[in-house]
Amino acid sequence: MNPILQVKLRFEKEKNNSTIGPKNLKTYAKVSCDKIRKLIKDLENILNFYHNSPKIINEILIDVNYNDIVAKSNRITKILSSHGKTPNDCVVGARFSDAPAGKENHIITYYVDEDTINDTINNLKVVINFLTRRFDGCATAYNFNEPDNKINYSGFENKAKSVLRELIVDCSVIDSFSVPRVSSIINNDSFLVTFYNTELPVTDILEKINLDRTRYPVFTYGKNTISVNKEVFEMLEEKIPYMISMISSDFSKITLNSIIKPFNSARTIPEPSNEPIVGVIDTFFNENVYFANWVDNRITDDFEGKTQKSGNENEHGTEVSSIIVDGPALNPWLDDGCGRFRVRHFGVCANRISVPRLVNKIRDIITNNPDIHVWNLSLGNEEEISRNFISYDASFLDELQSNNNVIFVVAGTNDNRNERTGRIKVGTPADSLNSIVVNSVKRNGLPASYSRKGNILSFFNKPDVSYYGGDYEESERITAYSSNGEEAVYGTSFAAPWVSRKLCYLIDVMGLQREVAKALIIDSAAGWEYKKSTYLNKDLLGYGVLPIKIDQILASASEEIKFVIYGTSESYRTANYGIPVPMDENDKYPYVARAVLCYFPECSRDQGVDYTMRELSLKFGRIDAQNKIMDINENKQDDEKSFVDERSSRKEFRKWENTKFISKILKNKLLPVKSYNKFWGISVTSKERLASKTQKPLNFGIVITLKEVNDINRIQDFIRACTVRGWIVNKLDIQNQINIYNTNQEDIVFD
């Protein structure tokens with residue numbers, strides 16, 4: 001086995017020097033006068049709707065129904081533009097149409113004033129005149145696109161050429177305009193309702209619709225979210241349906257499993273010393289267990305006296321903590337080599353808690369415990385996630401992880417229906433993008449019977465990974481411990497703690513940054529199998545099943561060179577074009593390669609399906625004769641004079657996703673490939689979702705694996721070549737890192 005290497009590269013920072021040419025129609029696009037007349041009619045109908053409705057907000061919410069999934073650069077730029085504001089400045093939501101997966105289109109909601117809509121109507125009338133006089137009523141790519149056609153743009157109410165062109169291109173990407181309305185409503189007794197962001201806080205909105213808050217219970221959370229019962233929700237749906245952006249369930253709960261043969265056993269455990277700490281947010285912890293000294297049981301004021309209650313509903317948190325503390329002793333076949341962990345346990349509920357209440361508690365817990373980096377969360381919701389927005393609690397977890405040096409491990413939730421007709425989507429907060437979401441598998445690696453599926457927002461890859469969490473049969477179950485003794489349990493709640501153990505080991509013992517640790521977890525689950533066409537159940541398993549042993553994550557095969565890189569994106573492109581990958585005796589590269597990139601971006605729930613605010617795209621491969629990277633994933637998104645539409649970018653290159661996995665397919669017969677200038681390169685390209693947003697430094701972690709096709713060990717050649725270039729190369733030696741960790745934990749006594 002070879003050790004994993006830490007390589008400290010010197011990155012170059014590059015600006016975006018590409019120039020934007022004239023806006024043209026797509027190859028098969030056309031814009032006719034009839035279409036524009038229909039768009040004008042849509043806008044007039046919207047104005048009539050608001051004129052005939054009680055005036056609640058100062059401006060107008062309007063849906064633009066696009067005819068495709070559109071990139072930021074292909075959104076409208078002149079339509080709905082007025083008073084120094086661009087349309088992108090007025091976006092308050094984005095969702096997908098109700099078409100089947102793969103055929104859905106963008107619906108983006110804008111908040112604009114009435115004058116802007118009237119200006120748009122007048123501008124579109126000018127465009128009709130222009131099309132009639134210059135194109136016989138219809139512009140196509142053939143007669144409109146530059147530089148092939150010379151068109152006279154003068155004589156149309158002094159509209160500049162660029163304005164006319166952009167209005168026409170805008171029309172080509174729009175199907176229609178409409179008044180917003182939520183199409184999917186859950187069947188529930190209580191709801192979290194989120195309104196579109198306007199100038200009014202939610203309290204003023206409720207006052208304007210004359211909602212009697214002394215009669216109807218309404219709880220507000222932030223500027224635009226409330227918790228209401230069904231009666232109040234129906235009133236909102238009747239009076240202001242166009243203002244409702246998102247609807248979700250109000251409660252997270254613990255799914256209790258049936259226990260097989262609980263029995264008290266005479267287990268013992270040594271006293272804890274300086275072991276790393278995992279944070280657990282769950283049901284109450286029962287201190288009548290053999291490992292109680294390993295658990296720092298934090299009792300909040302409102303739960304004083306409740307932590308010692310007996311009963312199955314209060315044992316879940318104890319069981320979860322038992323796996324983190326002493327899982328390998330309880331389940332010898334799952335001995336991961338990580339040892340034992342201490343737990344700081346926060347009991348937040350018995351088995352059910354309102355989502356906003358949970359969020360507030362988690363905020364306080366994270367703020368007051370900055371020394372903990374890994375948090376285990378096994379609460380979940382039975383309702384399926386929405387197709388069009390991230391849940392309230394998941395978005396909060398993403399915000400916490402974007403702004404703090406923490407990572408959450410979240411259970412993938414269980415399907416507990418008595419009768420099942422196919423797999424259902426995961427429940428919240430398993431739609432958290434920045435968290436590691438864990439599903440459960442049987443001992444043979446196949447999905448558990450209760451597994452729920454991804455993806456998130458139609459294409460984000462969730463769950464992230466899977467691990468052994470038991471199943472209904474007694475022989476499949478996991479052993480956990482509560483005040484009842486040893487218990488045979490099952491569920492994603494008991495798969496997640498094993499991943500929390502591994503993450504805590506990587507971060508706190510091995511000293512890795514959380515971005516690198518997450519990338520190692522993803523890489524070890526995916527391996528060389530993930531890209532093969534025979535790899536099944538991606539929506540249930542994520543990137544795959546983690547290996548049991550930690551040394552399988554922290555080492556690679558003798559024919560592989562695996563190294564990790566940690567960097568910060570502070571410019572358009574962060575790159576290195578001089579990675580000295582060893583060649584064979586024929587000056588060729590005898591490798592097949594893969595790479596994983598992980599980062600923790602800012603996100604915005606208000607932006608709906610356009611959730612992540614920062615995109616980092618990854619390229620890795622040989623440097624060609626033109627000194628450009630020959631990406632192993634053939635990613636041409638950022639190349640000059642190349643075009644990849646948004647739908648393909650999201651599907652093929654995982655655009656806007658915070659985990660990028662790229663790999664060549666491992667085949668039976670692989671031949672060395674040509675070298676051009678003796679180096680490989682890596683680049684990370686950054687893009688902001690909103691042009692008005694200031695780019696902040698964003699850390700990233702990358703894991704790269706090079707597999708020698710002739711099974712020759714070339715790691716020493718790689719280390720030597722990197723050292724010659726002045727780079728620092730460290731071997732991730734487990735025993736050495738344990739010694740360093742123990743030394744750092746020692747108390748120094750001054751005489």
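Predicted model: local features only at pLDDT ≥ 70, side-chain atom pairs only at ≥ 80, totals over all residues.
Trp-375 stands opposite Phe-408 in β21.

Ser-435 belongs to the loop between β21 (407-411) and β22 (436-441). Its relative accessible area is 0%, so Ser-435 is classed as buried.

Beyond its neighbours within four places in sequence, Ser-435 is in contact with Leu-397, Asp-398, Gln-401, Phe-408, Val-410, Lys-462, Asp-464 and Lys-518. Phe-408, one of these contacts, is also the residue of β21 that stands opposite Trp-375.

A second open sheet has four strands in the order β6-β7-β5-β9, with antiparallel pairing. Its edge strands are β6 (91-96) and β9, each pairing on one side only. From one strand to the next, the twist averages 20°. Strands β5 and β9 run antiparallel and are joined by four bridges; Asp-63 stands opposite Ser-178 in β9.

Helix α1 lies across β5 and β9, running at about 15° to β9. The 19 residues of α1 (residues 33-51) should span 27 Å at 1.5 Å a residue, and the end C-alpha atoms are 27 Å apart, so the two values agree. Cys-33, Ile-36, Leu-39, Ile-40, Asp-42, Leu-43, Ile-46, Leu-47 and Tyr-50 of α1 are buried. An α-helix has 3.6 residues a turn, so residues three or four places apart point the same way. The elements that cover the buried residues of α1 include β4 (30-32), β5 (60-66), α2 (114-135), α4 (161-172) and β9 (174-178).

## Helix α8

Helix α8 (residues 355-368) comprises 14 residues and reaches 20 Å from its first C-alpha to its last, close to the 20 Å expected at 1.5 Å a residue. The buried residues in α8 include Val-355, Pro-356, Leu-358, Val-359, Lys-361, Ile-362, Ile-365 and Ile-366.

Thr-198 is located in the loop between β10 (190-195) and α5 (202-208). With a relative accessibility of 6%, Thr-198 counts as buried. A polar atom of the Thr-198 side chain lies 3.2 Å from the backbone nitrogen of Leu-200.

Apart from neighbours within four places in sequence, Thr-198 is in contact with Ile-57, Tyr-111 and Lys-223. Thr-198 and Ala-29 are separated by 169 residues in sequence and by 34 Å in space, C-alpha to C-alpha.

## Salt bridges

Side chains of opposite charge can pair when their charged atoms come close. The count of salt bridges comes to 29. One of them joins Arg-267 and Glu-486, with the closest N and O atoms 2.5 Å apart. This pair links distant parts of the chain, since Arg-267 lies in the loop between β15 (260-263) and β16, Glu-486 lies in strand β25 (residues 485-489), and the two are 219 residues apart. Arg-267 is partly exposed at a relative accessible area of 27%, whereas Glu-486 is buried at 11%.

Arg-594 forms a salt bridge with Asp-523, the closest N and O atoms being 2.7 Å apart. Arg-594 is in strand β30 (residues 591-599) and Asp-523 in helix α11 (residues 514-526), so this pair ties together parts that are 71 residues apart in sequence. Both Arg-594 and Asp-523 are buried. Elsewhere, salt bridges with shared partners join Asp-296, Arg-298, Arg-344 and Asp-371 into one network. Within this network, Arg-298 pairs with Asp-296, with the closest N and O atoms 2.8 Å apart. Arg-298 is partly exposed at 32% relative accessibility, and Asp-296 is partly exposed at 31%.

Notes
Residues numbered from 1 in each chain as written. Heavy atoms only, no water. Expected span 1.5 Å × (residues − 1). Buried < 20%, exposed > 50% of the residue type's maximum accessible area, 1.4 Å probe, protein only. Contact = heavy atoms within 4.5 Å. Polar contact = N/O pair within 3.5 Å; in protein donor to acceptor, adjacent residues only side chain to side chain. Pairing = 2+ DSSP bridges. Axes fitted to C-alpha atoms, helices over the stretch in contact; angles between N-to-C directions. Salt bridge = Lys/Arg side-chain N within 4 Å of Asp/Glu carboxyl O.
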